[in-house]
Structure formats: C-alpha cells, structure tokens
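Please read it alongside the sequence and the coordinates.

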Amino acid sequence: MSSETLDAGMTPRKLKVATVSLAGCFGCHMSFLDIDERILPLLERVEFDRSPITDIKHCGPCDIGLIEGGVCNAENVHVLREFRANCKVLIALGACAVNGGLPAQRNHLELADILQQVYRTGHGLAEGSQIPNDPELPLPLNQVHAVHEVVRIDYFLPGCPPSGDAIWAFLTQLIKGRAPTLGHGLLQYD
Amino acid sequence: MSFELETAAVAGENLRRVAIDPVSRVEGHGKVTILLDEHNKVHQVRLHIVEFRGFERFIQGRPYWEVPVMVQRLCGICPVSHHLAASKALDVIVGADRLTPTAEKMRRLMHYGQILQSHALHFFHLSSPDLLFGFDSEVSRRNIVGVAEKYPDIARRGILLRKYGQEVIRHTAGKRVHGTGSVPGGVNKSLTAAERAELLKDVYQMIAWSRDAVKIIKELHEQNPALYDRFGTFPSNFMGMVAPDGSLDLYHGVLRAKDAAGNILFDHVDYQTYDTLITEEVKPWSYMKFPYFTSMGPEQGWYRVGPLARVQNCDSIPTPFAEHERREFVAYAGGKPMHATLGYHWARMIEMLFAAETIKELLHDDALAGSDLVVAGERRHEGVGVIEAPRGTLFHHYQVGDDDLVTMANLIVSTTNNNQAMNSAVREVAKQYLDGKEITEGLLNHIEVAIRAYDPCLSCATHALGKMPLEVTLLDAGGRMLDRKYKS
C-alpha cells in the first residue's frame with residue numbers, strides 16, 4: 001500500500017474532481033474505488049463534480065479531470081472536449097485512454113462488416129433484424145482513438161487498470177501540489 | 001412488434017423530448033428519452049444503450065486461450081463473470097468435463113467474491129442514496145459522499161464489504177480487476193495458507209454486516225410497502241440457473257424459468273442448448289438486443305434475470321442465514337411471486353449474505369490448497385459457458401477451429417436479458433409518476449431509480465457495434481482530420 005497520506009500541507013479549498021468513462025469498461029473507476037477506506041479522507045479534500053457516482057450530468061469548472069476509456073463515437077468526442085474545456089488538469093486513466101486499449105482491436109476491421117455480423121447475420125437473431133440506426137444513438141467512429149489524439153492531456157497513468165495504490169499515490173501528490181511521480185511497482189502496462 | 005409507450009402513436013413535432021443523459025449511478029452508458037405532449041402526457045419512453053465496442057467480432061481469429069483474459073475487458077465491474085463464463089465454455093472445448101476439486105473451488109471462491117463486491121458496490125455506493133434520502137432528495141447529496149456524511153457507519157461498511165470481495169478476487173485471480181486466475185480446464189493458482197488465513201480473519205464480520213444490510217432493506221420495505229411494492233411493478237417471467245436439486249447455485253447448474261404466476265416454464269435444461277430456448281430481437285433505437293423465449297414469442301416470452309428472479313426461482317438457499325432471509329422474503333410476498341422492481345434490492349442483499357456465507361464455507365475447505373489445477377480431455381469445436389453473474393444469467397458461446405483460433409463468439413450478457421424489463425420498468429414509472437405533471441429533476445430521478453434497481457451493467461451490454469445516419473468529423477487538437485463517420 002502506498003505510504004502517501006493526505007494529512008498535512010493541504011490546500012484549504014476542496015478541489016473539484018470530475019471523472020468519466022468513455023469507451024472503457026469502468027474497470028479504472030473500480031480501481032479508483034479500490035483505494036477502499038482511503039476514500040473517506042479523500043472526500044475531506046475533494047468534491048466530485050460529474051462522475052458515474054454522482055447525479056451531475058455535465059462537467060462544470062474543475063481542478064482535476066480523470067478520463068477512462070478511448071474515443072469510439074461522436075458522444076465520446078463531445079464529452080472529452082467538455083472535460084478539457086472545464087478541467088485544469090486532465091488525466092488519461094488506464095490503457096484505453098492512453099492508447100485505445102482492447103476496444104482498439106476493432107481498428108483493423110471494417111466497421112460495416114462488424115455491424116453486419118452482430119446485428120444481421122449473428123447467432124440466434126430474430127428474422128429480419130436490422131442494424132440500429134436511431135438518431136438518439138451516437139455516431140460511431142471508424143476507429144477507436146486514444147484521448148490525446150483529440151485533446152491535450154496533462155498526465156498519462158497506464159495499466160489495465162492502474163492499481164488503486166497507483167491512483168492513490170498519483171492523486172495525493174497532485175492534491176498536495178506536487179508533480180506526481182510513480183515509483184517501481186506502481187507503474188504497470190498489463 | 002411494440003409495447004405500450006415504446007413508440008408514440010403520432011410521431012411529430014407536437015411532442016416535446018426530455019432526456020436523461022447520461023443515466024448516472026449505473027455502470028456504463030445509457031440514456032432515457034421521454035416524449036410528452038403539451039399537457040405533459042407521456043407518449044413514449046425508451047432506455048437507449050448508446051455505446052458499442054465490438055468484442056464478439058474481434059475475438060474471432062484470436063487463440064482460444066486468450067479469450068478469458070480478453071473478454072473480461074467487457075466490464076471492469078464484473079470481470080470475473082466474463083472470465084469464468086468464458087473459461088467454462090472453453091472447458092467444454094478442451095474436454096475438461098470435470099475440473100479438479102481445487103480448480104472448481106478456487107473458481108467458486110473467485111465468483112462468490114465477485115458477487116459480494118458487486119452487490120455491495122451496487123447497494124451502498126450506487127443505490128443507497130435514493131433509498132436513504134428519498135428519490136427526489138437534493139442532487140448534491142444524492143451520492144455516496146452524502147451517505148458518508150449522514151450515515152458514516154453504513155458507508156464505511158459498504159466500502160469494507162466491497163474491499164473484502166475484491167481481496168477474495170485478488171487472492172484467487174491474482175489481481176482485483178482483470179485477473180488471470182482461471183484458464184481453460186482449470187485455474188493457475190491455489191490458495192496459500194497465508195492468503196487463506198487473511199481471508200478467514202474477516203469473513204465473520206462480513207457475514208454479520210451482510211445480515212445487517214438485509215435488515216436495512218427489509219425494514220425499508222416494511223416501513224413503506226405502498227412505495228416499495230408498487231414502484232415500477234409489472235408481471236414478468238423469471239429465468240435463472242439452479243443446482244440440479246433446485247437450490248441456489250450461482251456458479252454452475254441447470255436453467256429454470258417460471259411464468260408470472262410462478263408456474264414452471266422449463267426446468268433442468270442443459271445450458272449447452274441455450275440457443276434453442278432464446279432468440280434475440282434488435283430494435284433500431286438501442287444497441288442492446290432484446291432476448292425472449294423463442295417458444296413464446298417476443299410479446300409474451302421476455303423475462304427477468306438477476307437477484308429478484310434467482311431468489312424466487314430456487315427452492316432453497318444452501319446457507320443457513322440466507323435461507324432464513326429467503327423464507328422471510330417469500331412470506332412477505334404472501335407465497336405469490338414478487339414482481340416489485342425495488343424487490344431487486346432486497347433479493348440482492350440476500351444474495352450478498354449467501355455469498356459471504358459461501359466464502360466462509362469454501363475457506364474451510366482444504367481442497368483450496370491443492371496442487372492439481374488443470375485437466376484436459378477430448379478436444380471439441382464448440383462450447384457454451386453459463387454463470388449467474390451479479391446481474392443475472394450470462395451466456396458465452398464459442399466455436400474454435402482446428403488451428404485453435406476462435407471462429408464464432410456469441411454473448412448474451414446479464415443486463416441484455418433484462419433489457420425489456422428495464423424498459424417496462426421506466427414506462428411503468430413514467431405512467432405512475434410523470435404523466436400529466438410538470439417534469440422536475442426529482443421526478444426524472446424516479447426513472448433512474450427504476451433502472452438502478454436492475455443494477456444494469458451497460459458497460460457489459462455494449463459489446464456490439466452500430467451505425468448512424470448522421471455525419472461527423474473528428475479533428476485533432478491542431479485541426480487535422482483524424483476520423484470521419486461511418487457511412488453505409
């Protein structure tokens with residue numbers, strides 16, 4: 001477990017933190033929750049803005065933004081830009097945000113073929129099944145992109161997912177106003 | 001085919017669109033759209049699953065032994081479910097018809113650790129704010145932070161229950177999220193004496209806290225039956241896996257389904273034949289498919305899965321405290337099936353207690369320390385793996401060629417099984433609470449409360465891919481074109 005604590009040398013104002021999962025699996029958010037009971041002292045120092053754990057639907061002005069997942073559709077692009085416009089420090093959290101991750105395995109395939117197979121010719125489908133096409137569904141991109149290809153990113157935290165300890169060490173240093181560095185054992189590229 | 005409120009009778013400009021986007025305090029990406037007329041009468045309500053990633057397709061061409069590790073990236077909340085469902089399908093393919101006791105028990109321990117952590121996460125971190133503060137309470141407080149301020153003990157226990165489940169997973173799978181412990185034909189590690197001692201140390205506390213959690217939700221029901229029994233309630237079929245003797249088993253067993261009155265629709269079904277039972281319908285407005293029992297057709301044949309279905313589908317629960325609670329649950333409903341959407345929370349906490357008790361029993365089993373980990377037999381080309389994931393029945397189906405590469409993958413994830421049910425729930429709530437009223441944030445949260453009861457993992461459910469009729473161009477920070485929309 002990381003030896004970092006949040007007890008001393010803190011800023012008086014609570015920092016605002018926003019988090020989002022784009023084309024990810026929520027595993028990075030789970031890893032964030034894997035800081036376990038350390039979330040209680042963290043809550044003394046930060047306040048959550050938009051995040052899957054709050055009911056705030058749009059990101060407001062924030063100190064820190066954590067992005068899980070790559071960019072696979074038009075909505076992801078929109079949300080990512082909203083985060084960049086509002087967050088002073090933006091962090092690519094985990095393999096998918098850093099380089100597209102596993103979902104980018106679709107990049108070598110033709111999107112049309114995938115759609116065809118999943119919705120029209122796949123196993124066990126009702127007869128006459130068609131590809132979903134409602135305007136309420138966001139537009140997919142031909143390729144899955146890393147977030148830094150779309151907006152400027154301040155920090156990259158690799159791992160699938162980065163461990164709870166890595167996220168804790170990173171955040172505590174950032175909250176203390178230091179440039180975060182992660183030692184041996186906290187950086188992983190699985 | 002269409003259900004009540006699925007599609008407005010008169011399409012057009014005279015209807016106003018209200019969207020809940022994104023649905024929050026759930027895992028994954030979904031939104032709800034509601035169409036209202038000038039008198040705020042509700043004409044259409046839809047839960048759209050808006051993302052897609054393409055797993056079923058890009059697994060094809062990969063060697064089969066990569067699959068259990070790849071597919072858990074469908075979902076970081078229940079990666080163990082995908083890890084194990086895929087492993088079970090591949091057990092069939094490598095001819096491992098009977099795992100070693102060590103392998104079977106390690107997998108069971110991993111799975112019940114997963115049930116414990118996922119149910120704790122859902123109840124405490126995601127849903128408890130609605131249940132403790134009220135569905136239309138203040139937005140800023142309606143989250144785990146608010147719970148930690150007002151009910152610090154409840155929040156802390158939730159955090160520690162989840163932590164314990166995650167530690168069970170770490171010791172069995174190697175890592176809390178996206179571990180590697182299960183392989184085709186078995187597992188790659190057993191439990192050391194130190195790991196076992198560490199987990200045993202806290203397990204009794206976890207059982208006690210799980211009992212308290214059942215008490216919390218049971219009391220909420222009893223204090224306000226008018227709300228808890230009626231909110232988003234509708235009749236449906238139920239499906240789940242049970243042990244061959246009819247008792248609750250979340251790792252392995254046979255498929256059973258009951259109709260809305262509690263009569264058996266099918267029982268003792270070998271899940272290798274799942275595709276003769278279920279057909280999936282595609283609707284243009286969601287990336288998530290709509291499964292139904294083929295024999296009954298899409299209108300009558302849709303069903304619910306997950307805790308509410310399982311606790312009522314089984315004849316008994318094999319651990320004492322959870323069985324006691326199951327009986328209380330059945331007695332509360334007066335011997336009839338309970339169809340209340342909020343009944344999911346109660347059933348879920350009974351299952352969390354079952355998981356904690358099962359973990360305790362497994363930890364006392366010396367087989368966990370064994371060294372015989374993997375078996376293999378006659379190689380086959382096709383296999384189906386099914387597990388009762390935290391959110392319901394999860395199907396993984398693969399075909400593998402002689403070259404060991406996957407040629408076909410079909411997944412029906414737990415949340416997909418509940419797709420029609422969640423849509424029915426939000427339409428029921430819209431009728432009960434929104435129809436003819438001025439729409440407020442608090443009223444809209446009622447819709448989300450109904451969705452949350454199903455603990456949907458919209459992350460899991462978005463493994464497919466879609467195409468859009470719109471046009472978009474993606475530019476990088478310097479204005480260069482990176483990508484364009486898919487064109488048909």
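What percentage of the contacts in chain A between residues at least 6 apart in sequence join residues at least 24 apart?

1. Among the contacts of chain A that link residues at least 6 apart in sequence, 78% are between residues at least 24 apart, a contact being heavy atoms within 4.5 Å.

2. Basis of the values. This is a predicted model, in which local features need pLDDT of at least 70 and side-chain atom pairs count only at pLDDT 80 or more, while totals for chains, interfaces and linings use all residues. Residues are numbered from 1 along each chain as its sequence is written, chains are lettered from A and ligands numbered from 1 in the order in which they are written, and side-chain values use heavy atoms, with hydrogens and water left out.

3. Chain A. Six helices and seven strands are assigned in chain A; these are DSSP runs numbered from the N terminus, helices being H or I of at least four residues and strands E of at least two. Their order along the sequence is β-α-α-β-β-β-α-β-α-α-β-β-α. The C-alpha trace spans about 65 × 35 × 30 Å along its principal axes. Of the 190 residues in chain A, 64% are buried (under 20% relative accessible area, with a 1.4 Å probe and protein chains only).

4. Extent of the interface between chains. Chain A contributes 69 residues and chain B 90 residues to the contact between them. The two chains bury about 6700 Å², with 61% of this area on carbon and sulfur atoms; buried area is the accessible area (1.4 Å probe) that two parts lose on being put together, summed over both. Asp55(A), His123(A) and Glu136(A) provide 11% of the area that chain A buries against chain B, more than any other three residues.

5. Helix 5 of chain A gives the largest share of the side of chain A that touches chain B, namely seven residues. That side of chain A consists of 37 nonpolar, 19 polar and 13 charged residues; Ala, Val, Leu, Ile, Met, Phe, Trp, Tyr, Cys and Pro count as nonpolar, Asp, Glu, Lys and Arg as charged, and the others, Gly among them, as polar.

6. Domains of chain B. Chain B comprises domain 1 (16–52 + 420–487) and domain 2 (55–419), with bounds from an automatic or database domain assignment. Contact between the domains involves 42 residues from domain 1 of chain B and 45 residues from domain 2 of chain B. Their C-alpha centres are 25 Å apart. The area buried between these domains is about 3800 Å², of which 59% comes from carbon and sulfur atoms.

7. Links between the domains. Five salt bridges cross the interface of domain 1 and domain 2 of chain B. Glu27(B) and Arg391(B) form a salt bridge in which the closest N and O atoms are 3.4 Å apart.

8. Asn419(B). This residue lies in helix 15 of chain B. Asn419(B) counts as buried because its relative accessibility is 0%. Beyond its neighbours within four places in sequence, Asn419(B) is in contact with Ser286(B), Met288(B), Lys289(B) and Phe290(B). A polar atom of the Asn419(B) side chain lies 2.9 Å from the backbone oxygen of Lys289(B).

Key
A salt bridge is a side-chain nitrogen of Lys or Arg within 4 Å of a carboxyl oxygen of Asp or Glu. Buried means under 20% relative accessible area, exposed over 50%, partly exposed in between (1.4 Å probe, protein chains only). A polar contact is a pair of N or O atoms within 3.5 Å; within protein, one must be able to donate a hydrogen and the other to accept it, and residues adjacent in sequence count only if both atoms are side-chain atoms.
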